Amino acid sequence: MSQRPVFDARVDPLVKRFETYILAERNASENTREGYLSDIAQFAGFMWKDDVQVCGWKSVADSDARRFVAELTKSGARATTVRRKLASLRTFFRYLQRTEEIDDNPFSLLRGPKKAKTVPRTMSASDIALFLAQPRKDFRAKVLDRFGYLRDTAIFEFLYSTGCRISEAISVTWGMIGWRDGKVIVTGKGRKDRLVILGSKALEALSRLRADMESRNPALVGAESDVFLSDRREKISSRFVERRMKRYLAEAGLPTDLSPHKLRHSFATHLLDAGADLRSVQEMLGHASLSTTQIYTHVSIGRLQDAYASAHPRA
């Protein structure tokens, strides 16, 4: 899309009210709030100049909505991006309609391009074993200190053991961990809490990390203290974890374009491959819809077909 003036969505009173609504009534996360405001601002920049203080939302017609979608598509925006922006604007105008600020929703009948069904890329169990062993190898080679080794082992064991999103994992505090039963309550999308399970390897890695941190400074392992800290003993970021993962992937001779989210994909696929119930996996992943989880069954079916093709005499 060609460059448009950047509109500050927060100066518009109706956008401010909408922001309050999604935070208070829809319990939107910070990322969701920013996404809505960004999409609304982009549309406002498409419609009006950057010096406008109050947007003429009533004047937006169906044709304007269609032109916006056409320009997004022309600019090369991905189907998922177009669909997300349409969903944001549809929700915003629906709110204006409900509060009687406008009569009709210009985005109500618009649907973006169909999302292509893609099979999630996963790591094999053997590749994950190689990857998870790399921090220890670095520690033994004296290219990584003890804290870094224990922390990195613990974060990646946690991600693979629970199937958590990276944002969920880095928000875990020591008081959230159930040491006896391995249960952890994490807060996912939409600020919804869910139960995840820590396996023995993850619990062991976390226990070693906790003991090391406690020996350095007992205040670091309080109930409200973040589990995963940077070298400066500050809460780590998603970007920090991504960089550490790429380092270990490269050292283990694995593709470096894999991301921490691939551990989540692998978690789901490996459970289903081993016969886990689809609804149980859905709950552990925190998917609102079973259809979202079903994409992982395609991966499992593909492996079954490969096994059939290589083993059946009539294949």
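**Buried residues, a hairpin and a pocket**

Colleague: Is Thr 173 buried or exposed, and why?
Modeller: Thr 173 has a relative accessibility of 11%. Residues under 20% relative accessible area are buried, those over 50% are exposed and those in between are partly exposed (1.4 Å probe, protein chains only). Since 11% falls under that 20% limit, Thr 173 counts as buried.

Colleague: Before we go on, what kind of model is this?
Modeller: Residues are numbered from 1 along each chain as its sequence is written, and side-chain values use heavy atoms, with hydrogens and water left out. Local features need pLDDT of at least 70, side-chain atom pairs count only at pLDDT 80 or more, and totals for chains, interfaces and linings use all residues, this being a predicted model.

Colleague: Back to Thr 173, which residue's backbone oxygen does its side chain reach?
Modeller: Thr 173 sits in the loop between helix 7 (166-169) and strand 1 (183-187); helices (H or I, at least four residues) and strands (E, at least two) are DSSP runs, numbered from the N terminus. Beyond its neighbours within four places in sequence, Thr 173 is in contact (heavy atoms within 4.5 Å) with Ala 223, Glu 224, Ser 225, Asp 226 and Val 227. At 3.2 Å, the backbone oxygen reached by the Thr 173 side chain belongs to Ala 223.

Colleague: What pattern does the protein follow along the sequence?
Modeller: There are 12 helices and two strands, and 44% of the 315 residues count as buried. Among contacts with a separation of 6 or more, 64% come from residues 24 or more positions apart. Read along the sequence, the pattern is α-α-α-α-α-α-α-β-β-α-α-α-α-α.

Colleague: Which residue in the turn of the hairpin has a positive phi?
Modeller: Strand 1 and strand 2 pair in the antiparallel sense over five bridges; pairing takes at least two DSSP bridges between the strands. They form a hairpin with five residues between them. In the turn, the residue with a positive phi, about 70°, is Gly 190.

Colleague: Which residues make up the covered face of strand 1?
Modeller: In a regular strand, side chains alternate between the two faces of the sheet. The uncovered face of strand 1 holds Lys 183, Ile 185 and Thr 187, and Ile 185 stands opposite Leu 195, which is on the uncovered face of strand 2 (residues 193-197). Val 184 stands opposite Val 196 in strand 2, where Val 196 belongs to the covered face. The covered face of strand 1 is Val 184 and Val 186.

Colleague: How much space lies in the second largest pocket?
Modeller: On a 1 Å grid over the protein atoms alone, a pocket is an open set of points where a 1.4 Å probe fits, with protein on both sides within 12 Å along at least five of seven lines; lining residues have an atom within 4 Å of a point. Points are joined across faces, edges and corners, and the volume is the space filled by probe spheres set on them. For the second largest pocket, that comes to about 290 Å³.

Colleague: And which elements give two or more residues to its lining?
Modeller: The lining includes Ala 129, Arg 136, Tyr 149, Glu 157, Lys 201 and Arg 208. By class it has five nonpolar, one polar and five charged residues; Ala, Val, Leu, Ile, Met, Phe, Trp, Tyr, Cys and Pro count as nonpolar, Asp, Glu, Lys and Arg as charged, and the others, Gly among them, as polar. The elements giving two or more residues are helix 5 (125-140), helix 6 (146-162) and helix 8 (200-216).

Colleague: Which side chain does a polar contact of 3.5 Å join to that of His 287?
Modeller: His 287 is in the loop between helix 11 (278-285) and helix 12 (290-311), and at 15% relative accessible area it is buried. His 287 touches, among others, Arg 165, Gln 282 and Tyr 296. A polar contact is a pair of N or O atoms within 3.5 Å; within protein, one must be able to donate a hydrogen and the other to accept it, and residues adjacent in sequence count only if both atoms are side-chain atoms. The partner at 3.5 Å is Arg 264.

Colleague: What is the relative accessible area of Arg 244?
Modeller: Arg 244 lies in helix 9 (residues 238-251). Not counting residues up to four places away in sequence, Arg 244 touches Leu 144, Arg 151, Asp 152 and Phe 156. Arg 244 is buried, with a relative accessible area of 13%.
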